[in-house]
Amino acid sequence: MQAIGVIARNSFREYLRDKILYNLLFFAALLIGGSVLLGTLTIAEHEKIVTDMGLAAINFIGVIISIFLGVGLVSKEIERRTIYTILAKPITRVEFLLGKYLGLASIIAVNVMIMFTMFIATLWMSGSSVHGALGEAVALILIEALLVTAIAMFFSTFSSSILSATITIGMYVIGHLTSDLKGIAEKSQNQVTEAVMTGLYYLCPNLELLNVKGQAASGEFVGSMYLITASAYGFLYAGLLLTGACIIFQRRDF
Amino acid sequence: MDAIRIEHVSKTVPSGWPGQPPVTILSDLSFSVGKGEIYGFLGPNGAGKTTTLKILMGLMQASSGHVEVLGAPVQDVRIHGKVGFLPESPYFYDYLTGEEFLRFYGRLAGLGRADLERRVPELLKRMRLEEAKGRHLRRFSKGMLQRVGLAQAIIHDPELVVLDEPMSGLDPIGRKEVRDLILQLRDQGKTVFFSTHIIADVEMVCDRVGILHKGRLLATGAIEDLVGDGEAQTVEIVSEGKGLDRLAPVKAYATRVLNRGNRCLIVLPGPDHLDDVITAIRQHKGNLVSVTPHKGSLEDVFIRQTSRAM
């Protein structure tokens with residue numbers, strides 16, 4: 001357990017010293033701040049546009065960090081051969097993977113918190129209402145980002161960074177279209193299309209479960225029961241992916 | 001108990017092309033390294049040295065055979081608490097400072113706060129990195145990176161130190177520093193196992209060597225035993241006088257004769273006919289300057305063994 005903490009702290013420090021993170025935060029600030037300007041151009045629903053755009057910006061930047069830092073979590077260590085000296089110390093491969101994941105998860109959590117604070121400050125300064133439903137949406141955005149990180153990390157244990165990023169982006173897009181996939185499978189006359197769509201429906205995570213931005217923008221609460229169920233789904237899926245990553249990683253030669 | 005025991009280890013990897021047979025990297029490798037020894041693992045590039053070291057450190061799994069490190073199977077990572085490792089041309093986290101880097105590896109090795117407070121400054125001083133302790137590794141020179149890499153390998157005071165080409169790419173001063181460190185480790189009773197393709201590195205510090213070529217161990221043993229196996233001894237005679245190269249014993253037994261003005265260098269393939277040649281030189285009123293017997297070098301052994309295996 002101590003080794004996981006040491007790896008996680010170092011991983012956290014690595015991203016903290018990475019300029020790209022600050023550039024992304026700056027970009028998030030621009031998007032959130034820009035939502036106020038966009039809101040002033042509309043006649044009605046000024047508040048909804050600011051809220052929608054702010055939540056979308058937090059979601060977008062969170063997922064970008066998850067995918068592009070997530071795919072490098074393991075593959076960068078292997079490509080740069082830093083893993084040789086790490087695994088030569090009394091630490092298991094599972095401890096290494098979990099430490100790396102927790103380090104990035106902490107950075108993502110901190111970033112989402114910073115963006116949420118910027119968002120609330122923007123709402124407050126623009127005179128829009130601040131309510132708990134926004135917190136619910138951001139909590140599920142964070143869980144989605146952690147799940148996407150687990151997907152990126154899973155693929156990076158056995159494929160290149162570019163391939164892992166491509167597959168993760170693909171799974172992210174499909175993950176938001178799973179209900180459509182089921183619909184296509186049911187309506188399809190072609191057996192192959194039906195099998196592929198059904199397979200994708202069961203294989204890809206249903207990320208729409210973690211998307212309550214629309215309700216939050218309208219001020220609707222999804223409730224604690226929904227939050228707990230959706231979070232459990234996200235954590236379970238991420239846990240399965242991490243278990244798979246550990247199994248593959250244990251067998252790898254470096 | 002041996003520090004390292006490798007028994008009948010083979011390693012094959014897929015060729016990468018469908019239908020092609022797998023590629024053999026190591027073939028039935030067996031040897032052991034005793035505690036307190038400095039063992040040099042010598043072989044040309046591509047011989048399988050790094051693969052052997054990776055198997056020893058659990059970074060790669062052997063296809064067959066058995067590997068023990070300090071009496072424990074290599075799969076047991078707890079044994080890494082007693083082993084230090086420096087890979088070839090290492091790359092480290094360059095966003096860390098020298099001090100942060102050593103603290104990180106010390107914590108990974110399980111050192112407590114008190115041990116870290118003592119070991120980190122001690123190693124920074126020993127590796128002449130005190131002034132660079134607050135500098136990021138991305139600003140370190142190659143020699144400094146090698147020294148800080150060696151420091152992380154020994155931060156937990158391991159019993160066994162495994163080094164992959166530790167002197168590769170270093171200048172003469174850097175090479176001497178690494179050699180001195182290896183000798184210091186032996187003085188402290190540690191076992192050092194290192195790979196290299198540079199024979200001089202091995203001759204200067206090793207108690208025993210192993211010669212690896214194309215994944216097979218061609219020879220292993222003490223340098224004196226390998227070198228002094230009765231082969232490749234020569235004797236060089238330097239003498240002054242005219243016409244020495246035309247003497248009958250010189251013509252009959254010398255493998256090489258070089259005339260430089262009044263001086264003549266005669267090379268005999270061994271000491272067998274030395275007396276005959278010296279007597280002939282004296283009878284011819286020649287002046288004997290020197291007689292130097294040359295024992296075979298490790299290089300001779302290495303070239304002979306690897307050419308035989310071609």
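Me: Which residues of α2(A) meet which residues of α6(A)?

Reply: This is a predicted model, in which local features need pLDDT of at least 70 and side-chain atom pairs count only at pLDDT 80 or more, while totals for chains, interfaces and linings use all residues. Residues are numbered from 1 along each chain as its sequence is written, while chains are lettered from A and ligands numbered from 1 in the order in which they are written. Helices (H or I, at least four residues) and strands (E, at least two) are DSSP runs numbered from the N terminus, and residues are in contact if their C-beta atoms, placed from the backbone, lie within 7 Å. On the α2(A) side are L21(A), L25(A), A28(A), A29(A), I32(A), G33(A) and V36(A), and they meet, in α6(A), N111(A), I114(A), M115(A), M118(A), F119(A) and T122(A).

Me: How are α2(A) and α6(A) oriented to each other?

Reply: Helix α2 (residues 19-41) and helix α6 (residues 93-125) of chain A pack with axes 10 Å apart, at an angle of about 25°. Axes are lines fitted to C-alpha atoms, for helices over the stretch in contact, with angles from 0 to 180 degrees between N-to-C directions. Angles under 35 degrees count as roughly parallel, over 145 as roughly antiparallel, 65 to 115 as roughly perpendicular and the rest as oblique. The orientation of α2(A) and α6(A) is therefore roughly parallel.

Me: How many residues of each class does the contact of α2(A) with α6(A) have?

Reply: Ala, Val, Leu, Ile, Met, Phe, Trp, Tyr, Cys and Pro count as nonpolar, Asp, Glu, Lys and Arg as charged, and the others, Gly among them, as polar. On that basis the contact of α2(A) with α6(A) has 10 nonpolar, three polar and no charged residues.

Me: Which residues make the contact between α2(B) and α4(B)?

Reply: Helix α2 (residues 98-108) and helix α4 (residues 142-154) of chain B pack at about 25° with axes 9 Å apart, which makes α2(B) roughly parallel to α4(B). The residues in this contact are five nonpolar, two polar and no charged. They are G98(B), F101(B), L102(B) and Y105(B) of α2(B), with V148(B), A151(B) and Q152(B) of α4(B).

Me: Which element gives the largest share of the side of chain B that touches chain A?

Reply: The contact takes 24 residues from chain B and 19 residues from chain A. The chain B side has 15 nonpolar, six polar and three charged residues. Its largest share, four residues, comes from α2(B).

Me: Is G43(B) buried or exposed?

Reply: G43(B) lies in the loop between β3 (38-42) and α1 (49-56) of chain B. A residue is buried if 20 or more other C-beta atoms, placed from the backbone, lie within 10 Å of its own, exposed if 12 or fewer, and partly exposed in between. With 24 C-beta neighbours inside 10 Å, G43(B) counts as buried.

Me: What is the phi of D157(B)?

Reply: D157(B) is found in the loop between α4 and β7 (160-164) of chain B. D157(B) is partly exposed, with 13 other C-beta atoms within 10 Å. Although D157(B) is not a glycine, its phi is positive, about 50°.

Definitions and conventions:
Two residues are in contact if their C-beta atoms, placed from the backbone, lie within 7 Å.
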